[in-house]
Amino acid sequence: MAISLRRSPPRGHSELRSATNIEDAVMSYVRNMWYAAAWSDEVPPGVLFHRTYLEEPVLIYRRGDGVAAAISNRCPHRFAPLHMGKLIGDNVECPYHGLVFNSQGACVGNPHGSGVTPKAATARPYPLVERHNVLWIWMGDPAIANPELIVDFGFMTDTENWSTIYGYIHLKANYELVIDNLTDLSHAPFVHEGLLESRDVCKGKFKLSRDGDHAKTVNWCPGIAPPPFFEMLKGTQEFKDESGLVDHWQDMTYDPPGCMNTLYGITRRGRPREEGMATLNPNLVTPETSKSTHYFWAGSRNFSLNDSVVNEQFRRGYDYAFQFQDRPILEGVQANMGDASLNDLEPVLLINDGCSVHARRVMERRRKEEALERTHGK
Amino acid sequence: MAISLRRSPPRGHSELRSATNIEDAVMSYVRNMWYAAAWSDEVPPGVLFHRTYLEEPVLIYRRGDGVAAAISNRCPHRFAPLHMGKLIGDNVECPYHGLVFNSQGACVGNPHGSGVTPKAATARPYPLVERHNVLWIWMGDPAIANPELIVDFGFMTDTENWSTIYGYIHLKANYELVIDNLTDLSHAPFVHEGLLESRDVCKGKFKLSRDGDHAKTVNWCPGIAPPPFFEMLKGTQEFKDESGLVDHWQDMTYDPPGCMNTLYGITRRGRPREEGMATLNPNLVTPETSKSTHYFWAGSRNFSLNDSVVNEQFRRGYDYAFQFQDRPILEGVQANMGDASLNDLEPVLLINDGCSVHARRVMERRRKEEALERTHGK
Amino acid sequence: MAISLRRSPPRGHSELRSATNIEDAVMSYVRNMWYAAAWSDEVPPGVLFHRTYLEEPVLIYRRGDGVAAAISNRCPHRFAPLHMGKLIGDNVECPYHGLVFNSQGACVGNPHGSGVTPKAATARPYPLVERHNVLWIWMGDPAIANPELIVDFGFMTDTENWSTIYGYIHLKANYELVIDNLTDLSHAPFVHEGLLESRDVCKGKFKLSRDGDHAKTVNWCPGIAPPPFFEMLKGTQEFKDESGLVDHWQDMTYDPPGCMNTLYGITRRGRPREEGMATLNPNLVTPETSKSTHYFWAGSRNFSLNDSVVNEQFRRGYDYAFQFQDRPILEGVQANMGDASLNDLEPVLLINDGCSVHARRVMERRRKEEALERTHGK
Ligand code: FES
Ligand code: FES
Ligand code: FES
């Protein structure tokens with residue numbers, strides 16, 4: 001893993017503008033966390049992949065041994081985008097004047113003059129860990145980048161028990177609006193009406209529990225008509241009682257910064273969940289800028305394993321839901337908010353907002369902690 | 001009418017940023033006035049119409065009894081655009097989590113939990129009055145929204161004496177630039193050369209008179225060739241003297257915020273206006289943002305009544321004039337001004353600027369008055 | 001020449017926002033210099049040409065005697081773009097209300113009222129000089145606009161000894177980034193790999209010399225394979241020694257604000273330059289806004305004179321190099337920098353940066369001098 005970096009990183013874009021006092025910290029990003037950067041297969045061997053996280057341009061590529069590494073996509077000489085350059089073995093050549101950087105961002109080649117490589121010429125390296133089909137990036141202090149903090153989505157690569165489909169979309173909305181969306185599943189019967197859920201779930205037994213920064217919501221809906229999505233994917237005949245009803249759950253876990261896992265399933269009335277159809281749906285949210293977000297979604301199911309027709313239905317259903325149902329609402333909310341913050345606009349609270357409020361508080365506390373550390377030293 | 005609202009409205013977008021002192025007030029909007037919001041037929045029954053006024057997103061729709069109402073298009077829960085939701089009877093269901101609002105903006109339905117509707121969950125209502133084919137909106141304090149203040153454009157619906165065509169265009173220019181344009185008709189022979197007016201009108205007898213905030217300009221042009229537009233619409237043979245000349249008037253009334261009525265006509269030399277061809281042309285200007293404007297135009301004529309061919313010629317002529325002659329000039333002026341105000345750039349004054357200067361002074365005084373009220377209470 | 005203007009110009013856009021202290025001056029433009037405004041043939045007789053320089057909209061046109069003049073493209077009345085008006089003899093009629101301006105920007109006609117032309121109604125005139133196929137504009141104090149300060153590119157019109165092709169492109173990058181590019185030719189073997197240069201030039205004998213604000217870099221590359229561009233244009237057989245090698249030079253002169261002349265050539269090993277193939281390549285860089293630049297390029301050669309096939313190859317080669325090789329890098333650098341300045345981002349210095357650093361220092365000194373003059377009077 002490319003996480004053995006100890007030196008203090010050079011200043012990045014967002015740090016230049018970042019908070020020098022606690023008040024300003026509200027608008028900054030939490031840096032010392034693992035963010036989803038890309039699906040593993042978005043970065044095939046030989047490709048200089050680039051994406052912006054927390055307003056910083058990042059280059060990601062694989063070394064010859066297959067290990068993926070992330071360094072600044074901004075050459076320290078005159079700031080050319082390195083992804084426009086060349087991958088030469090394990091190194092990258094800048095497209096502008098040809099400085100060569102290794103996968104730790106160190107300058108290892110200078111074609112000009114005596115060929116001495118300036119010591120300061122470092123493309124800031126970012127700790128990057130590949131796990132469960134996701135490349136996770138650490139945008140903060142490399143010295144405390146602990147891979148054990150990565151949320152466990154092991155089922156995504158447990159092909160024996162789960163079949164998983166996944167995708168990526170780009171949203172023109174602040175990342176916390178996307179987290180609001182996913183931590184409050186009561187939107188599903190409205191935004192995804194007739195597709196994912198029926199309104200029966202509004203009357204489920206809803207419960208929020210917290211464990212430190214981690215939170216979980218449970219919405220237990222015994223004896224309702226099966227949600228349309230399960231009907232569509234496989235049929236639910238085997239789980240219905242004589243009235244055509246099933247037990248349904250619509251749960252969700254939250255971990256900061258933006259790791260939501262939604263758990264949908266049905267089972268025969270009164271029977272344990274294990275006997276039913278279940279889906280686990282990681283939703284990973286990473287800020288690009290203050291008004292745009294990378295959104296990685298996946299769906300793992302414990303039924304119709306390796307059935308490529310169901311794969312396609314699942315993928316099409318989710319893609320439709322996110323692209324054509326969530327996206328216009330989220331981008332509409334962002335447009336409606338303009339430059340105002342959520343609190344500026346004094347939102348009304350509903351019963352299902354608990355987890356969204358929790359997530360915002362966790363992130364706000366972390367922003368303040370990081371601002372304090374920057375101000376007072378560590 | 002939906003104007004019986006007494007409670008103090010929740011804070012809107014532009015109020016958040018609005019003036020806290022007199023200096024800043026120059027950039028804010030006048031709120032306690034009736035603005036043209038839409039033509040009546042832009043809001044047919046069953047439709048959730050939305051438009052932004054003074055930087056605030058507004059939803060307009062008709063109740064079952066046909067009465068149109070306006071409420072904020074921003075749900076007070078998580079700020080989703082209500083126009084993406086559903087019209088259910090007289091109420092609107094939010095597309096995001098399903099709160100239901102009535103035409104006064106009160107929350108009357110909550111599908112979640114116990115179903116209690118939070119008292120604070122109000123979509124800000126705006127007084128709205130339908131009159132003479134126009135929906136007029138009041139963006140300020142509902143308590144003082146007096147429909148008697150609406151400028152009388154009764155001729156627009158007096159089909160016995162007038163035939164009226166009308167349209168809407170969106171302009172990428174500040175609304176005061178559009179008011180400048182319409183309160184100074186000396187632009188017509190240049191911008192609308194060969195279409196509306198000839199240069200003969202430059203030498204007319206020009207007079208500006210004021211009555212409080214109301215102003216009127218008269219440009220009396222006796223014994224000139226008839227303007228091309230009258231020629232085109234109907235022919236002017238019957239009004240010409242032996243030299244082919246007519247008496248022409250090109251007048252205009254201004255009422256704040258942006259209600260201009262231009263009065264064009266010709267008559268036989270020395271004969272009263274009543275015997276001639278006359279057009280009354282309401283031009284209603286409403287700010288969308290500081291750099292974009294809703295522009296409602298109409299043309300009423302006292303000749304060729306109910307003649308659908310003349311209707312079409314009239315409409316096409318005006319649409320061409322506004323879209324292809326005024327628009328590029330106005331958007332060019334806005335681009336040339338950038339973020340500077342008119343006064344920053346020290347404009348030279350010409351003889352015909354009197355009414356534009358009057359209109360800007362009226363609006364500036366009103367902005368300051370409203371800023372004072374906000375600061376010192378009412 | 002239209003440079004006999006003595007009166008103090010009215011305030012322009014960028015002056016409104018311009019520095020009132022030395023710190024802010026860093027972001028302003030140097031005004032008292034000659035900037036390339038257009039190629040001569042971009043302004044044919046009868047045309048109202050317009051372009052924005054240093055954030056000020058400018059109109060350029062030819063009088064009946066063929067002399068080109070530049071005045072503000074913003075009418076002093078209500079700021080309409082004059083290029084949308086009419087050229088009438090030597091004068092321009094404003095498209096909005098018909099004021100007429102002469103080529104010095106003085107108002108010489110008013111169609112309204114008594115016809116008096118308001119004295120203050122001046123479209124700011126800019127000194128403009130046509131020389132060597134370029135229209136040069138002076139954006140500062142007309143009283144000190146000395147045409148002798150224009151950099152001599154006489155070879156561009158010396159058709160007896162040189163054949164010249166030229167072009168214009170618009171870049172979405174700050175002008176100093178474009179100057180950086182051209183004052184540091186070490187980018188050529190990377191950005192223009194396989195087209196202009198090979199990497200052999202990285203090991204040339206590089207030398208920077210300064211003479212006041214003027215600077216020159218020499219990169220002498222004896223005994224290398226001829227650069228691909230010369231091969232492509234004409235073939236280099238006659239200059240090669242038995243090993244296929246030639247002597248090559250890749251030099252550059254800089255004069256402020258953004259006048260670079262690159263000098264490329266080859267000759268037979270050990271023989272004087274005069275016997276070889278030489279190209280002189282003016283590159284003139286003029287700011288449009290802080291993030292966009294006008295870039296005028298030319299190529300003069302001393303071989304295959306008047307050969308239209310070589311003309312086309314030369315033009316196509318350069319157009320490709322600038323449009324498809326330099327442009328994406330420069331716009332990528334600008335995007336990578338956002339609103340940060342070069343110094344904010346602490347660039348690493350390489351051996352070839354000397355002339356770029358020189359150019360930035362010259363411009364910074366001039367900005368500060370001009371800011372001081374504005375603050376303390378002259
Ligand atoms: S910008 Fe990368 S080497 Fe110059
Ligand atoms: S945003 Fe309208 S109900 Fe939640
Ligand atoms: S804007 Fe030019 S004459 Fe009015």
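E93(B) forms a salt bridge with R199(A), and their closest N and O atoms are 2.8 Å apart. A salt bridge here is a side-chain nitrogen of Lys or Arg within 4 Å of a carboxyl oxygen of Asp or Glu. Chain A and chain B have four salt bridges between them.

This is a predicted model, in which local features need pLDDT of at least 70, side-chain atom pairs count only at pLDDT 80 or more, and totals for chains, interfaces and linings use all residues. Residues are numbered from 1 along each chain as its sequence is written, chains are lettered from A and ligands numbered from 1 in the order in which they are written, and side-chain values use heavy atoms, leaving out hydrogens and water.

**Where chains A and B meet**

In this interface, 35 residues of chain A are in contact with 27 residues of chain B (contact means heavy atoms within 4.5 Å). The two chains bury about 2600 Å² between them, 60% of it on carbon and sulfur atoms. N336(A), V348(A) and L350(A) supply 27% of the area that chain A buries against chain B, more than any other three residues. Buried area is the accessible area (1.4 Å probe) that two parts lose on being put together, summed over both.

**How the copies are related**

Copies are superposed by least squares on the C-alpha atoms of residues with pLDDT of at least 70 in both. A rotation of 120° with 0.0 Å of shift along its axis puts chain C on chain B, with RMSD 0.0 Å. These two copies are thus related as by a three-fold rotation axis. In chain C, D339(C) comes closest to the rotation axis, at 11 Å (C-alpha).

**Rings**

Rings of Phe, Tyr and Trp (its six-membered ring) pair if their centres lie within 6.5 Å; planes under 30 degrees apart count as stacked, over 60 as edge-to-face and the rest as tilted. The whole structure holds 48 aromatic pairs over all chains. One of them joins W136(A) and F153(A): the pair is stacked, at 6.4 Å centre to centre and 5° between the planes. W136(A) lies in strand β11 and F153(A) in the loop between β11 and β12, so the pair ties together parts that are 17 residues apart in sequence. Strands are DSSP runs (E, at least two residues), numbered from the N terminus. Both W136(A) and F153(A) are buried (under 20% relative accessible area, 1.4 Å probe, protein chains only).

Charges also sit over rings. The rule is NZ of Lys or CZ of Arg within 6 Å of the ring centre and within 35 degrees of the ring normal.

| Charged residue | Ring | Distance to ring centre |
|---|---|---|
| R51(A) | Y168(A) | 4.0 Å |
| R51(C) | Y168(C) | 4.0 Å |

Note on methods: Helix = DSSP H or I, 4+ residues; strand = E, 2+ residues; numbered from the N terminus. Buried < 20%, exposed > 50% of the residue type's maximum accessible area, 1.4 Å probe, protein only.
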